[in-house]
Amino acid sequence: MASSNAYAQRDPMLKKRDDFEDILEERRNSSDLRYALKCYTPALYKGVAPCKSSMLKSMVLQSDQLHYVIQQVSKETGRQTDNVQEEVSAILDEMAHSLQLSTVRFFAFTLSKIFKSLFKSIRVNEEGIQRLQQAIQDHPVVLLPSHRSYMDFLLMSYLLYTYDLTLPVIAAGMDFMGMKFVGEMFRMSGAFFIRRSFGGNKLYWAVFSEYVKTMLKNGFAPVEFFLEGTRSRTSKSLIPKLGLLNIVMDPFLKGEVFDVHVVPVSISYERILEETLYARELLGIPKPKESTSGLFKARKVLSEDYGSIHVYFGQPVSVRSLAEGRVNRCQFNLVPRHIPGRPDEDIHSFVNDSAYKLVRAQEDNMVLKPWVLLASLLLQKQAVGQEQGTALDELTAQAVWLRDLSRQYGAFLHWPDQMTPSEVVSSSLSLHRGLVRTCEGKVQLALEHEGGAVGPQSAAALEEKLLSQAVIVLSCASYRNQALHVFLRPALLASAIHAASSNQKQEVFNSFSFLRNMFSNEFILCPGATVQDFEEACYLLVKTGTLQVTQKEVLVNERGHRTLAFLVSMLDPFLQGYQVVCRFLCEEATETLTEKQFIPAIRKFIIKHLLAGRLRYAEVLSSDLQKNSLAAFLRLGAVEKIKGVDQETLKVNAAMVNSLEDTLGGKLPTQKAVVARL
């Protein structure tokens, strides 16, 4: 292993970040109507003329690639070419945006009213806006915002309109098409609609990819999509989806454009509008279908306070620079450009590595609010049974300790320096009063007191109570998760030290490597970077006085135990979640268990163990954690999908699953409990 001194050159504390400006300040002091009707003349890519949606459709329909695929589909299916051409036109009509400035002005006016009602401030890094403005004029641009809320794509268009930048065309799910009136409004504000899945539909894929590439190659507008594919219900970054990234990189790889610039955008919410909705979804309560009536019913949120938003436009990333030394583009000269083909392994690896780097760039520029630290502390206290709460001054002191630690780890933390720590903590607790309560100077999560019910309760009543408490716990966990990227690598090392049977560096590294591999479906861990992540973790824990790392040993300093205990506790809910999945697979999984049946079955199993007091963390009820653990066991070969006549079943390698459970920590920790305790 290379020396961890190498990491010192990339000390996260030394990273310079831009300052922010509150765009709502001007909106509160001037006319929204004048703002919506302002002169809007954005600078375009190389001075190209704006392209009407009808012209864009015509260009797509005339493309050589689409004509080639139409001919192929016609030959394969025996259908008339005209018939296939009609289907292509129908797909394009369903998909295409019809951007109209009048609709954009309507949204500008309406969103100004909504944003001023919901948020104290929307802070944007102006230097990032200036970099984006230059990039749009010089290169085709792809915008990659993080995705934590439905608000994200509305906010992005609002910001670009505010700063007189070219409005993006946005990849949106077909869900919104079902919203009468609103779906068409989104289309007229730049959304183009894509099906959630189109599997092996060669024709749909050809229309979709050609539509996106035509917009990008000609520089008509920045193309915007969410690299994670969907909203994160847990506030953790999701494993990136590569389909659209493959498409937007293709024009560069085939030499159709000199370069493409990709701009990661980090959107950080102090309070997420959907926090309770997400928690309920993770517990198996289906999300309401998107509808216009549902939108109007949601108007009551306008009376709530959602704090501030920080939007950080990152450094534009040149695809040309990413590809230098990685991709030999000569291979694309061997086949005519209009003939589509699957990317080879080198291209797939390059796109995958780029995707992880871009998500990491999003994570690095996420702004953490004080509540993120408070939620982390309160969840740990609740898990060890501190039912009487924590004294406010004690919680404040711990928050200050964690603030300083997170800054040393390179966190982008928004902690108001003009306020005293006790004021900062009180303000955060007040904003999130639905999740936390303060009683007689003590702070705790807003769970019902166990002594609230008199007499014996039915199993159904106990389960309902457990799930209502789990909504609070999962909502708080979604805020704690916002800081996971800061603490993840040190936490993996702390857990590895905890699990290793000696302080030998090689053994600690082996344990670290096992945990990192196990959790690579759970967190953003760049492929092939195990040694680099280990060195980063060692460097940070040595720098903060937690460890001494020699050539052969990893030693814990006396004053490092507090930090290690905190870090181990950050990862502990995930460890227990994977352990309980192992237990379920060995004890309960039948030969007929399908992937669709897995989540309901394991949820039932976990509820039984929580009610019996055998599990510490209600977080293990999260369907996200359960799906990620199953994906990990499938990847490791501990579970296998077996194709049947009607459906696939899950075949469990019990010996391997037992071995994994032992390595993850053996026996699940138990608690003596009279009634259910989270």
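In the predicted model, the side chains of aspartate 250 and lysine 254 form a salt bridge with an N to O distance of 3.4 Å. Both aspartate 250 and lysine 254 are buried. Over the whole structure, the search returns 33 salt bridges. Side chains of opposite charge can pair when their charged atoms come close.

Among these salt bridges is the one between glutamate 76 and lysine 202, in which the closest N and O atoms are 2.7 Å apart. Glutamate 76 belongs to helix H5 (residues 64-77) and lysine 202 to helix H11 (residues 202-217), so the pair ties together parts of the chain that are 126 residues apart in sequence. Glutamate 76 has a relative accessible area of 53% and is therefore classed as exposed, the cut-off for that class being over 50%. Lysine 202, at 37% relative accessibility, is partly exposed.

A further salt bridge connects the side chains of glutamate 256 and lysine 217, with an N to O distance of 3.2 Å. Here too the pair links distant parts of the chain, 39 residues apart: lysine 217 is in helix H11, whereas glutamate 256 is in the loop between helix H12 (243-253) and strand S7 (261-269). Glutamate 256 is partly exposed, with 29% relative accessibility. Lysine 217 is also partly exposed, with a relative accessible area of 25%.

Of the 5 residues of S3, 5 are buried, so the strand is largely enclosed by the rest of the structure. In a regular strand the side chains alternate between the two faces of the sheet. In S3, Val141, Leu143 and Pro145 point one way, while Val142 and Leu144 point the other way, and all are buried. S3 runs parallel to S7, to which it is joined by 5 bridges. S3 also runs parallel to strand S6 (residues 223-224), with 2 bridges between them. Leucine 143 stands opposite valine 263 in S7 and opposite glutamate 224 in S6.

Serine 146 is located in the loop between strand S3 (141-145) and helix H9 (151-162). With a relative accessible area of 1%, serine 146 is buried, because the class takes in residues under 20%. A polar atom of the serine 146 side chain lies 3.0 Å from the backbone nitrogen of isoleucine 267. When neighbours within four places in sequence are left aside, the residues in contact with serine 146 are Asp152, Phe226, Glu228, Val265, Ser266, Ile267, Gln362 and Met366.

Strand S4 (residues 169-173) contains glycine 173. Glycine 173 is buried, at 10% relative accessibility. Beyond its neighbours within four places in sequence, glycine 173 is in contact with Phe193, Ile194 and Arg196. The C-alpha atom of glycine 173 is separated by 33 Å from that of alanine 529, a residue 356 positions away along the chain.

An open sheet of 3 strands has the order S10-S12-S11, with antiparallel pairing. Strand S10 (390-391) and strand S11 (436-439) stand at the edges, each with a single partner strand, so one side of each has no neighbour in the sheet. S10 and strand S12 (residues 442-445) run antiparallel and are joined by 2 bridges. Alanine 391 has lysine 442 in S12 as its bridge partner. Strands of a sheet pair through backbone hydrogen bonds, either parallel or antiparallel.

Leucine 33 has a relative accessible area of 49% and is partly exposed.

Terms used. Residues are numbered from 1 along each chain as its sequence is written. This is a predicted model: local features need pLDDT of at least 70, side-chain atom pairs count only at pLDDT 80 or more; totals for chains, interfaces and linings use all residues. Side-chain values use heavy atoms; hydrogens and water are left out. Helices (H or I, at least four residues) and strands (E, at least two) are DSSP runs, numbered from the N terminus. Buried means under 20% relative accessible area, exposed over 50%, partly exposed in between (1.4 Å probe, protein chains only). A polar contact is a pair of N or O atoms within 3.5 Å; within protein, one must be able to donate a hydrogen and the other to accept it, and residues adjacent in sequence count only if both atoms are side-chain atoms. Contact means heavy atoms within 4.5 Å. Two strands pair if DSSP finds at least two bridges between them. A salt bridge is a side-chain nitrogen of Lys or Arg within 4 Å of a carboxyl oxygen of Asp or Glu.
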